[in-house]
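Try each task yourself, then follow the solution step by step.

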Amino acid sequence: MALIVQKYGGTSVGNPERIKNVARRVAKSHAKGDQMVIVLSAMSGETNRLIALAKEISPNPSPRELDVVISTGEQVTIGLLCMALEEMGVKARSYTGGQVRILTDDSFTKARILDIDGENIRRDLDGGAVVVVAGFQGVDEAGNITTLGRGGSDTTGVALAAAIKADECQIYTDVDGVYTTDPRVVPEARKLDTITFEEMLEMASLGSKVLQIRSVEFAGKYKVKLRVLSSFQEEGEGTLITVEEDKNMEQPIISGIAFNRDEAKITVLGVPDKPGIAYQILGPVADANVDVDMIIQNVGHDGTTDFSFTVNRPDYDKAMKILEGVQSHIGARQIQGDRTMAKVSIVGVGMRSHPGVASRMFRTLAEEGINIQMISTSEIKISVAIDEKYLELAVRVLHRAFGLDQAAA
């Protein structure tokens, strides 16, 4: 008998028939003797509908009241799933985040989980019930309803698994695992049997949409065994996300390729080459809540230097306006921008023990005439900024160059 937490996303519970399918899957596992905790998202599109409804009333709704509204989507799905399970003769009990007492801070619409009281859940599990919990939500110390932000149901699932010491947390979604890259770009992309938490964190932060990054951080921190599966397939092992030490075989050099189309580059030309200039440029940008990614500062010449960085494309206009406002203050000669950038990243813990990975990546891109405009690295990843028009070509040739289209030995 195992204690399993399963999380189902919006497409998995998108209509009554799909909710019944989830109920059948849960009932099957329960019949085998497993204790089951199910975490649900709202029906696909429902959260967006509720946000739009709120904005019809107020263009800038109070974050507290917005959380009251958008948290209702999950209440619908947990109630319906319990009804479906009871129709099948399975005892089931639903809980909102507040009823479990998923305690969060008071950052409405983007709260962070502080603590979970698993007592009610354990009592119902011991009584033979399936426990169904609303994802994406909690309560603060004052009892206010809070929501966890985009992808928050993944985080709820992993946090619950950590709190009740589940044997495994299974994330059911519309894909059957983590792939070497997006199969829509590279049809030869392979599903990975396993991937480390480190690699998954990099993939999630670099553009892979399979898992929300906060849930991977949580799983890694509390050593929660995490598995990604498809709710539309009856069979399959999915992808297990685990610690590197659990592996018995040598790690492949590269595990996957992530990419992001929504990049923009800003270059501040002719700034004084002196201490503090980077802060004078990036400080106002950070104050406006704009995330900066890659950063390059050229070697100083004649007392000046050029400073380039990338931002998400939706933040490009805001960042340009800020810098134009401080241009004279920082002594910059000119500010240039390019909103047609993309980022391609190779990820793999095997880089630590294999030299020459960067040179192979750069040679592969050069052979296709793809110019690298910026580079950033970590122990297990290399990212390059390139012109967006070359993105899919770059992903395909790198996927082939590193043998990711070949089945693992």
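**Exercise 1.** Find out whether Leu323 is buried or exposed.

*Solution.* Start with the relative accessible area of Leu323, which is 0%. Buried means under 20%, exposed over 50%, and partly exposed in between (1.4 Å probe, protein chains only). Leu323 is therefore buried. This is a predicted model, where local features need pLDDT of at least 70, side-chain atom pairs count only at pLDDT 80 or more, and totals for chains, interfaces and linings use all residues. Residues are numbered from 1 along each chain as its sequence is written, and side-chain values use heavy atoms, with hydrogens and water left out.

Next, look at the surroundings. Leaving aside neighbours within four places in sequence, Leu323 is in contact (heavy atoms within 4.5 Å) with Ile266, Val268, Ile281, Val285, Phe309 and Ile335.

**Exercise 2.** Work out why strand E11 (residues 226-230) is largely enclosed by the rest of the structure.

*Solution.* First, strands are DSSP runs of at least two E residues, numbered from the N terminus. Five of the five residues of E11 are buried, so the strand is largely enclosed. Then compare directions: Leu226, Val228 and Ser230 point one way, while Arg227 and Leu229 point the other way. In a regular strand the side chains alternate between the two faces of the sheet.

Finally, check the partners; strands pair if DSSP finds at least two bridges between them. E11 pairs with strand E9 (residues 168-173) in the parallel sense over five bridges, and Cys169 stands opposite Leu226. Three bridges join E11 to strand E12 (residues 239-242), running antiparallel, with Val228 opposite Thr239.

Terms used. Helices (H or I, at least four residues) and strands (E, at least two) are DSSP runs, numbered from the N terminus.
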